Amino acid sequence: MTAGLQTIVYPVTDLVKAKSVYGALFGSEPIADTPYYVGYRVAGQDIGLDPNGAKKGMTGPVGYWHVEDITKQIAAMVEAGATVQNEPHDVGGGKLIATLTDADNNVIGLLQP
């Protein structure tokens, strides 16, 4: 069961410039501002900037579907033909994220709050 696509993360190479551009777009300051992640909340949507995204293999923005049980969701998706790209890992506060790919190599992000 999913709570919907609620988070999107953009890989960026220059966090200072990215904060300036996205801050201008959103008309607001970030709600999380660290050297490893900058986060905004816009109209109920979480938007993140990841300066290490390229090192993690991100080639573009990744949408994260919020799920109740990330392990169970991954198992169901793998059984249906998805491939795990990045195993679940804690990104702070007990929040788990993982990425999978579909048969066309589209990246699907999962997030367990």
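Student: Is Asp 50 buried or exposed?

Tutor: Burial is judged by relative accessible area, with under 20% counting as buried. In this predicted model, Asp 50 has a value of 5%, so it is buried.

Student: Which residue forms a salt bridge with Asp 50?

Tutor: A salt bridge requires a side-chain nitrogen of Lys or Arg within 4 Å of a carboxyl oxygen of Asp or Glu. Asp 50 pairs with Lys 56, and their closest N and O atoms are 2.7 Å apart. Lys 56 counts as partly exposed, at 47% relative accessibility.

Student: How many salt bridges does the count give?

Tutor: The count comes to 3. One of them joins Lys 19 to Asp 33, with 2.9 Å between the closest N and O atoms. Lys 19 belongs to helix α1 (residues 15-26) and Asp 33 to strand β2 (residues 32-34), so this pair ties together parts 14 residues apart in sequence. Lys 19 is partly exposed at 26% relative accessibility, and Asp 33 is partly exposed at 45%. Arg 41 also forms a salt bridge, with Asp 46, at 2.7 Å between the closest N and O atoms. Asp 46 is buried, its relative accessible area being 15%.

Student: What pattern does the chain follow along the sequence?

Tutor: The order is β-α-β-β-β-β-α-β-β-β, from 2 helices and 8 strands. The radius of gyration is 14 Å, close to the 13 Å that the globule rule gives for 113 residues, so the chain is as compact as a globular protein of that length. Of the 113 residues, 34% count as buried.

Notes:
Residues are numbered from 1 along each chain as its sequence is written. This is a predicted model: local features need pLDDT of at least 70, side-chain atom pairs count only at pLDDT 80 or more; totals for chains, interfaces and linings use all residues. Side-chain values use heavy atoms; hydrogens and water are left out. Helices (H or I, at least four residues) and strands (E, at least two) are DSSP runs, numbered from the N terminus. The radius of gyration is taken over C-alpha atoms; the globule rule is 2.2 Å times the number of residues to the power 0.38. Buried means under 20% relative accessible area, exposed over 50%, partly exposed in between (1.4 Å probe, protein chains only).
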